[in-house]
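Subject: Structure for your records

Hello,

Here is the structure I said I would send. My notes on it follow below.

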Amino acid sequence: MCPRSSGRVSKPPAKFGATDPDTAKQGFDDFDAPVSDEGGDGSQSTSVRLRLVGGDKTVDIAGTTGSGCGHAEMHALHQALTTHRALFESASSRTLTCTEKPCCFQCSVILGLLDIDAGEATNKSKKPMGSTEWGASAEVKAYVTEQTGVPFEQIAAVRGYPS
Ligand SMILES: [Zn+2]
């Protein structure tokens, strides 16, 4: 389950229509998976694994769709930030494995920006999400904004690899 957190933090919303293609491009390029559109119909992956390794500790987090936290990748990230935050931040290795289909453009951007490595047989797609909703939990949004200095919404508003 993924309980919605009460959005108490009052921050001015990102300007409507503002996007940051440079940050999105950087994130996508930094996610070290091969680009492949095979099976990349813009639909979401259904299950992924995020492995955190720090010291002698290894934690595998399973991300799934239908959790209310967005794509499986964003669900795994949500759990890492809420349940394994200390390990996530101190981990020597953070690897996202998604073998079923390529990580969509939006997820790849976020994973790259947060220095998460791509696991074996994990690909990424430059294709936009089409009409499918894409989003992340409040915790993930806040963390991405904090780490990049760019409002999450401005990154998320970039749909598909900037040409
Ligand atoms: Zn995705």
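Leu-52 sits opposite Arg-94 of β3; the model is a predicted one. The pairing of β1 with β3 is antiparallel and runs over 5 bridges. These strands belong to an open sheet of 4 strands with mixed pairing, ordered β2-β1-β3-β4. The edges are held by β2 and β4 (117–118), each with a single partner strand, so one side of each has no neighbour in the sheet.

Helix α2 packs on this sheet, where it touches β1, β2 and β3, and its direction makes about 135° with that of β2. The helix covers residues 72–83, and its 12 residues reach 16 Å from first C-alpha to last, close to the 16 Å expected at 1.5 Å a residue. Because 9 of those 12 residues are buried, α2 is largely enclosed by the rest of the structure. Among the buried residues are Met-74, His-75, Leu-77 and His-78. Their cover includes the strands β1 (47–54), β2 (57–64) and β3 (93–97), along with the helices α3 (85–90), α4 (105–113) and α5 (138–148).

The other item is a helix pair. The axes of α1 (residues 21–30) and α4 come within 6 Å and cross at roughly 80°, which means that α1 is roughly perpendicular to α4. On the α1 side the contact is made by Ala-24, Gly-27, Phe-28, Asp-29 and Asp-30, and on the α4 side by Phe-105, Ser-108, Val-109, Ile-110, Gly-112 and Leu-113. By type, the residues of this α1–α4 contact are 6 nonpolar, 3 polar and 2 charged.

Regards

How values were computed
Residues numbered from 1 in each chain as written. Predicted model: local features only at pLDDT ≥ 70, side-chain atom pairs only at ≥ 80, totals over all residues. Helix = DSSP H or I, 4+ residues; strand = E, 2+ residues; numbered from the N terminus. Expected span 1.5 Å × (residues − 1). Buried ≥ 20, exposed ≤ 12 C-beta atoms within 10 Å, placed from the backbone. Contact = placed C-beta atoms within 7 Å. Pairing = 2+ DSSP bridges. Axes fitted to C-alpha atoms, helices over the stretch in contact; angles between N-to-C directions. Parallel < 35°, antiparallel > 145°, perpendicular 65-115°, else oblique. Nonpolar A, V, L, I, M, F, W, Y, C, P; charged D, E, K, R; others polar.
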